[in-house]
Amino acid sequence: MPDDDVREIKSRLDIVDVVSEYVKLKRNGRTFWGCCPFHNEKTPSFSVSPERQTFHCFGCGKGGDIFTFIMEVEHLEFREALERLAERAGVALSQRGKGRPPKGDKEINRAALDFFIESLNGAGGEPARKYLEKRSIAPEDCRRFELGWAPNSWDMLSRRLEKAGYGASVLVDNGLASAGKSGGCYDRFRGRLMFPIYNVTGRLVGFGGRILDGEGAKYLNSPESRLFNKRHNLYLLDKAKGPMSSMGHAILVEGYFDAIRAHLCGYTNAVASLGTSLTQEQAALIKRMTGLCYVCYDSDSAGQEASLRAMYVLQGEGVAARRVVWQQGKDPDELLLQPDGGELFEKALKSALPLPLFHAQLRKRDMEDPLKAEAARRDLLDGLASLSVFDLTPYLGELAEILGIFPHEVQNLVAGRRTKKGDGSGGGAAGRESFYAFGATRGAENDIECMMCSMLWNNKKLRSAFSMEELMSFMDDPDVQNVVYALLGGDDIDAIERRWQQTGETRGMEIVARGNGLLAREGMNEETAAELAEALRQRYLKKRKDLLLDKIRNGTINEKEYEEYYRYIRSLKGGNTRA
């Protein structure tokens with residue numbers, strides 16, 4: 001990632017303008033304030049500093065720069081946020097990431113989509129319109145989800161795009177056509193209802209096509225290319241990512257129509273897995289938005305097994321998975337179309353089964369068959385052994401009842417499976433337990449330390465006024481110490497920020513942004529740096545003095561420490577002796 005790209009984008013965009021699209025801001029002095037978009041609040045505690053180009057929320061602690069804000073609010077990775085802001089700023093990124101599509105891919109897909117929509121509404125689209133009417137998809141629904149029609153012709157799309165200036169090789173590279181044996185190309189999608197596929201940033205990356213009659217696969221997606229990779233995309237994610245985050249859960253379905261029907265019925269947090277088995281990359285996308293996912297695959301045996309596989313993938317990525325089970329209808333589309341479909345679907349969501357119980361109930365019948373019992377029992381225990389203790393413990397009683405044994409025996413069997421696999425931690429999800437525990441117990445950083453970091457960040461001369469050893473000893477928070485080490489280690493600010501961005505480290509910018517917000521709130525500036533440094537020094541001296549006093553009381557202090565104690569006493573009383 002070129003250094004100039006980030007600097008150029010920041011020079012063209014004002015964080016106040018960007019944040020104002022998401023938050024209603026009101027100026028108070030040199031700072032703008034509003035209600036935080038990352039947590040519910042009635043009293044504004046979210047501050048934006050135009051002077052320092054950072055934001056900070058005093059309620060939830062989130063903070064950073066313009067890139068951090070877009071990453072948080074849109075649930076994007078840094079590269080995706082960079083591309084989004086570059087497009088807004090009119091900056092042509094000077095270096096393409098690996099596999100990044102060349103300029104023009106976005107435009108050719110848009111041209112193809114326009115053709116498909118035009119074809120659906122034209123005379124040749126009558127069969128598709130009748131099919132959609134049969135599926136209870138109204139014309140306004142087609143417009144909302146940009147549904148289209150690929151005519152049953154060899155080259156109508158290719159001829160249209162070639163007239164627009166796109167060569168045959170470009171059509172083939174973008175998955176809209178296939179190369180002919182004697183040169184030229186022919187349309188990849190023919191006689192199919194077309195569904196546009198957008199990635200998480202809202203870029204049109206490919207298409208899915210459903211055949212209405214004739215030979216061929218029922219569903220056909222765009223081929224793998226520089227632009228489209230079905231493993232890394234979910235249908236309707238661009239529309240669902242906001243609701244997934246605000247509602248606190250996602251709904252995962254199999255098909256395009258299932259996802260569309262869910263959205264039409266108010267479940268706008270629904271996404272589809274593009275007709276493939278759920279991948280780790282897709283589960284990671286869901287994890288960005290929420291930690292809970294309801295799996296609503298088809299209710300037939302194939303759908304049940306696919307649900308089980310998807311749930312273990314989700315759980316492995318740290319997303320709690322629940323299986324939604326219903327009796328009426330084979331898939332969510334059919335269920336929701338019933339007169340009482342909404343009520344039935346809501347009831348099914350409320351009674352959804354957690355992964356351990358769903359797996360046990362799915363294997364229950366086979367475990368009662370002498371010929372299948374051993375394999376079914378082994379499959380269940382192997383699955384349970386991959387889950388964390390926290391995922392498993394609440395359901396030990398019910399699992400024991402299904403297995404016909406005592407709860408402690410279930411624990412022993414699962415523990416034995418983990419030992420055989422050489423994984424005493426309890427599987428992939430359990431490996432993150434210490435991380436979650438750390439995040440949950442970690443205290444807020446000291447305000448004075450954050451303000452000092454802010455001043456050092458924004459003032460190059462100030463960074464040369466303090467020694468690293470001195471300031472490091474005054475800081476208590478290890479993360480703050482890391483920021484001080486980076487700031488006084490010799491690298492310039494751009495290099496530090498670039499390193500944090502490339503490694504996905506957000507803690508440093510959060511600390512700096514918090515300090516910026518505190519300084520703005522307290523009306524302080526760089527001239528007070530000496531006062532802050534003295535406050536930190538006095539705090540350090542007091543803590544050290546108290547520690548030595550405890551040693552005096554316990555009779556464990558030595559002569560050198562005794563002399564040190566009296567130096568601290570004189571220093572805290574305003575003496576000239578330097579501690």
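**Charges, rings, strands and helices**

Modeller: This is a predicted model. To begin with a charge and a ring, K62 lies over the face of F38, and the distance to the ring centre is 5.9 Å.

Colleague: Over the ring of which residue does the charged end of R323 sit?

Modeller: The charged end of R323 is 5.9 Å from the centre of the ring in question. The ring belongs to W326.

Colleague: How are the rings of W154 and Y186 arranged?

Modeller: The structure holds 21 aromatic pairs. In the pair of W154 and Y186, the ring centres are 5.6 Å apart and the planes stand at 75 degrees. Planes over 60 degrees apart count as edge-to-face. The arrangement is therefore edge-to-face.

Colleague: How many residues apart in sequence are the parts that this pair ties together?

Modeller: W154 lies in the loop between β6 and α8 (156–163), whereas Y186 is in strand β8 (residues 185–187). The pair therefore ties together parts whose separation in sequence is 32 residues.

Colleague: Is W154 buried or exposed?

Modeller: The relative accessible area of W154 is 57%, and exposed means over 50%. W154 is exposed.

Colleague: Which strands are at the edges of the open sheet of 4 strands?

Modeller: The sheet has the order β6-β9-β10-β11, with antiparallel pairing. An edge strand pairs on one side only, which holds for two strands here. The edge strands are β6 (148–150) and β11 (219–221).

Colleague: Which residue in β10 stands opposite L193?

Modeller: Strand β9 (residues 192–198) and strand β10 (residues 204–211) pair in the antiparallel sense over 7 bridges. L193 stands opposite a residue of β10, namely R210.

Colleague: At about what angle to β9 does helix α11 run?

Modeller: Helix α11 (residues 256–264) lies across β9, β10 and β11. Its direction relative to β9 is about 65 degrees.

Colleague: Which residues form one aromatic cluster with Y131?

Modeller: One aromatic cluster includes Y131.

Colleague: Which residues in α17 are buried?

Modeller: Helix α17 (residues 373–385) has 13 residues and reaches 18 Å from its first C-alpha to its last, close to the 18 Å expected. Buried means under 20% relative accessible area. In α17 the buried residues are A376, L380, L381, G383, L384 and A385.

Notes. Residues are numbered from 1 along each chain as its sequence is written. This is a predicted model: local features need pLDDT of at least 70, side-chain atom pairs count only at pLDDT 80 or more; totals for chains, interfaces and linings use all residues. Side-chain values use heavy atoms; hydrogens and water are left out. Two strands pair if DSSP finds at least two bridges between them. Contact means heavy atoms within 4.5 Å. Axes are lines fitted to C-alpha atoms, for helices over the stretch in contact, and angles run from 0 to 180 degrees between N-to-C directions. The expected span of a helix is 1.5 Å times one less than its number of residues. Buried means under 20% relative accessible area, exposed over 50%, partly exposed in between (1.4 Å probe, protein chains only). Rings of Phe, Tyr and Trp (its six-membered ring) pair if their centres lie within 6.5 Å; planes under 30 degrees apart count as stacked, over 60 as edge-to-face and the rest as tilted. A charge sits over a ring if NZ of Lys or CZ of Arg is within 6 Å of the ring centre and within 35 degrees of the ring normal.
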